[in-house]
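Please look over the sequence and the structure shown here. A short report follows them.

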Amino acid sequence: IVFDKTGTITKGKPEVTDIYSKIKENYVLEIAASLEKLSEHPIAKAIVTRAQLKKYRDVKNFKVLRGRGVEGNIGSKKIIIGNRTLMKERKINLNDFEHTVEEFERQGKTTMIVCENEKVIGVIAVADAVKDDSVKAISLLTSAHYKVVMITGDNETTARAIAEKVGISEVIANVMPEDKSKKVEELQKEGMVAFV
């Protein structure tokens, strides 16, 4: 039985838990919220909610990079906000932020790395609480000898932290939304699969 993570195991209402930056936290949040306001993603909504801005900055050339983040221009600055995968893709070095990103991930938080002109200026951590009945449901399935798997776009570290909280030992992480059906098809070669 394969469980999607966001909104299935978790409540699907992510909230910003931490903002880490070496410059003004408000600036990082303002830049991030100005871009994320243009996105439909639950994580984007969490950042916008946290920022509570009266006025957003003008964003040009906004683009959603599915499963990885967003990008756009604010004035003459190129802004990229996203996960580790996106940072690797763009060859952006995490440098002084690496340890913080790892720490947030170990806590089961999703990290959004905020970059200005190819330089990391901050990290925003977002957590999505586990649904009250997830642990019970998964424990009932496990005790009935079903193989329970969690599938998510989150990275391995974040995914494992959440899976551990609910008693799932098998995790398929870093999966783009459009690739989830392919993963289910692969699992179907081993037997019947139910997708939740």
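The report covers the sheet, one of its strands, and the salt bridges.

This is a predicted model: local features need pLDDT of at least 70, side-chain atom pairs count only at pLDDT 80 or more, and totals for chains, interfaces and linings use all residues. Residues are numbered from 1 along each chain as its sequence is written, and side-chain values use heavy atoms, with hydrogens and water left out.

Six strands form an open sheet in the order 2-7-6-5-4-3, with antiparallel pairing. Strand 2 (15-21) and strand 3 (60-65) are the edge strands, and each pairs on one side only. On average, neighbouring strands of this sheet are turned by 15° against each other, direction ignored. Helix 3 (residues 42-51) packs on the sheet. This helix touches strand 2, strand 6 (110-116) and strand 7, and its direction makes about 70° with that of strand 2.

Some terms need their rules. Helices (H or I, at least four residues) and strands (E, at least two) are DSSP runs, numbered from the N terminus. Two strands pair if DSSP finds at least two bridges between them. Contact means heavy atoms within 4.5 Å. Axes are lines fitted to C-alpha atoms, for helices over the stretch in contact, and angles run from 0 to 180 degrees between N-to-C directions.

Strand 2 and strand 7 (residues 119-127) run antiparallel and are joined by six bridges. Here Tyr 20 stands opposite Val 123 of strand 7.

## Strand 6

How many residues of strand 6 are buried? Seven of its seven residues are buried, meaning under 20% relative accessible area; exposed is over 50%, and partly exposed lies in between (1.4 Å probe, protein chains only). Both faces are covered. One side holds Thr 110, Met 112, Val 114 and Glu 116, and the other holds Thr 111, Ile 113 and Cys 115.

Strand 6 pairs with strand 5 in the antiparallel sense over four bridges. Glu 116 of strand 6 is the bridge partner of Ile 79. Seven bridges join strand 6 to strand 7, again antiparallel. Cys 115 stands opposite Val 120 in strand 7. The hairpin of strand 6 and strand 7 has two residues between the strands, and Asn 117 takes a positive phi near 45° there.

## Salt bridges

Side chains of opposite charge can pair when their charged atoms come close. A salt bridge is a side-chain nitrogen of Lys or Arg within 4 Å of a carboxyl oxygen of Asp or Glu. By this rule the count is 18.

| Pair | N to O distance |
|---|---|
| Lys 63 and Glu 71 | 3.3 Å |
| Glu 116 and Lys 77 | 3.9 Å |
| Glu 103 and Arg 106 | 2.9 Å |

Lys 63 is partly exposed at 44% relative accessible area, whereas Glu 71 is buried at 5%. Lys 63 and Glu 71 also belong to a network of salt bridges with Lys 78 and Arg 90.

Glu 116 in strand 6 and Lys 77 in strand 5 (residues 77-82) link distant parts of the chain, 39 residues apart. Glu 116 is buried, with a relative accessible area of 15%. Lys 77 is partly exposed at 31%.

Glu 103 and Arg 106 both lie in helix 5 (residues 98-106). They are three residues apart, about one turn of the helix. Glu 103 is partly exposed at 31% relative accessibility, and Arg 106 is partly exposed at 47%.
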